[in-house]
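Dear colleague,

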Amino acid sequence: MPSLISQEEALRLGQITDHAEIEALVERAWRVRLERFGDSTDMCSLVNAKSGGCAEDCGFCAQSRFAEADTPMHAMMTADQILEHARAAEAAGAHRFCMVTQGQGLSKRDFQNIVDGARLVAEHTNLKRCVSIGHMSTARAQALKDAGVQRVHHNVETAESYYPEVSTTVRYEGRLRTIEAVRDAGLETCVGGILNLGESAEQRVEMAFQLAEIEPTSVPINLLNPRPGTKFGDRELMDPWEVVQWVAIFRLVIPGALFRLCGGRNENLGHGEYARLAVRAGLNGVMMGNFLTTLGSEPEADRAVFEELGLNVARQSDNGAHPRPDNRSDWLAGETPRTPVDELIDSQQDANFWNPATQLRHRRKTSVPPRPDGAPNAFPELVHVKPEAA
């Protein structure tokens, strides 16, 4: 679907500050969302299947070895452990489950764990299957598809012109190559980024139109949750009105994509008026439950912000075989497993959700290598070492 506004209009809309004008923008985006998707939703949940020790220098991430923050660690999960967390996500009402690992690539053994886990999730739940495992070849993407994965997530993170401020060890062009490999294998793409990394309004518009050129099935929008000890750890949270404003602008630029708010949404928006306003600005769903290294919301609260606007968050009986509302490829057919839980849970404690508060361990650092981009150390008391000695 072509963009509904030009770059010039997007920038003009990004510069408004009057709340009444932002509300009018939100209503415009809400009409587009309803026209394209009706009352359907696409709620996602994730598991952090492997965490910590990442060799890359992404400035927003505490998992990076260049971050002075304690490293959040979790060993690679087994396929059975992945399935256990998927069942919890299904019990909470998620439509989709994403298996996430740190870094820009997996060993053969770790990749096989993801493949085996995806196969179990396909066999034993009625969830759509996604992965986020860094760079990959078309052959690996095909192996994921053969195991029942339907979509691969791989963000561009920010505008190409601002990207060197975000990461220097992961090339922007490499991200695009992975997205192309995923598409070549016949998989759907999930491509988005993070707002509030210090980018300008012009660069936000640039990112929106670069995403429009990629034409991803799904666009996750993350809001910076500043982590102490990271490059962007001293930034302020976004103003909630600004968040809502940019969700609406992205919706108008990429009207055919599924939008969801992911990391940082609770810290930046809370659970009340602004969360509902963000849904009206064009969201199809949110990342339910917890995030990679931080806690999220209760399932009941996540569902409520959509239900209060008359949107349908109910699980569909054919969800796993004929993903709704975005089964654009329609390569999966046949019977799907019955959802094992008849009633949705309202609290995470009622199911084995991924829980970073209890399942992550944090390894304290005594030294970190200098960042490749020359950014200053957040904690001068930590002794720098050469990268090869880290």
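**Findings**

Asn266 sits in helix α10, which spans residues 265-269; helices here are DSSP runs of H or I with at least four residues, strands are runs of E with at least two, and both are numbered from the N terminus. The model is a predicted one, in which local features need pLDDT of at least 70 and side-chain atom pairs count only at pLDDT 80 or more, while totals for chains, interfaces and linings use all residues. Residues are numbered from 1 along each chain as its sequence is written, and side-chain values use heavy atoms, with hydrogens and water left out.

With a relative accessible area of 12%, Asn266 is buried. Throughout, buried means under 20% relative accessible area, exposed over 50%, and partly exposed in between, with a 1.4 Å probe and protein chains only. Leaving aside residues up to four places away in sequence, Asn266 touches His271, Phe291, Leu295, Gly296 and Ser297, a contact being heavy atoms within 4.5 Å.

**The chain as a whole**

The chain contains 13 helices and 13 strands. It has 390 residues, of which 58% count as buried. Among contacts with a separation of 6 or more, 78% are accounted for by residues 24 or more positions apart. The accessible surface of the chain comes to about 15,500 Å², and 48% of that belongs to carbon and sulfur atoms; these areas come from the Shrake-Rupley method with a 1.4 Å probe, and for residues only the protein chains shown count as cover.

**Helix α1**

In helix α1 (residues 7-14), the buried residues are Ala10, Leu13 and Gly14. Viewed down the axis of α1, these buried residues fall within an arc of 100°, so they line one face of the helix. The arc is that of the directions from the helix axis to the C-beta atoms. The partners against which the buried residues of α1 pack are α2 (19-37), α8 and α9 (240-253).

**Salt bridges**

Side chains of opposite charge can pair when their charged atoms come close. The structure holds 22 salt bridges, each defined as a side-chain nitrogen of Lys or Arg within 4 Å of a carboxyl oxygen of Asp or Glu.

One of them joins Arg28 and Glu9, with 2.9 Å from N to O. This pair links distant parts of the chain, since Arg28 belongs to helix α2 and Glu9 to helix α1, 19 residues apart. Arg28 is partly exposed at a relative accessible area of 28%, and Glu9 is partly exposed at 22%.

Arg260 forms a salt bridge with Asp42, their closest N and O atoms being 2.7 Å apart. Arg260 lies in strand β9 (residues 258-261) and Asp42 in the loop between α2 and β1 (44-50), so the pair ties together parts that are 218 residues apart in sequence. Both Arg260 and Asp42 are buried. They also belong to a network of salt bridges that links Asp42, Arg96, Lys128, Arg151, Glu188 and Arg260.

A further salt bridge, between the side chains of Arg119 and Asp116, has an N to O distance of 3.5 Å. Arg119 and Asp116 are 3 residues apart in helix α4 (residues 108-124), and are therefore separated by about one helical turn. Arg119 is partly exposed at 32% relative accessibility, as is Asp116 at 29%.

**Cysteines**

The structure holds 0 disulfides, where a disulfide is a pair of cysteine sulfur atoms within 2.5 Å. For Cys54, which is in no disulfide, the nearest cysteine sulfur is that of Cys61, 6.3 Å away. Cys54 is buried, with a relative accessible area of 10%. Cys130 is likewise in no disulfide, and the nearest cysteine sulfur, that of Cys98, is 5.3 Å away. Cys130 is buried at a relative accessible area of 5%.

**Backbone**

Most residues other than glycine have a negative phi. Glu157, however, has a positive phi near 80°. Glu157 lies in the loop between β5 (151-153) and α6 (163-166) and is buried, with a relative accessible area of 9%. Glu215, which is not a glycine, also has a positive phi, of about 55°. Glu215 lies in the loop between α8 (201-214) and β8 (218-223) and is exposed, with a relative accessible area of 55%.

With kind regards
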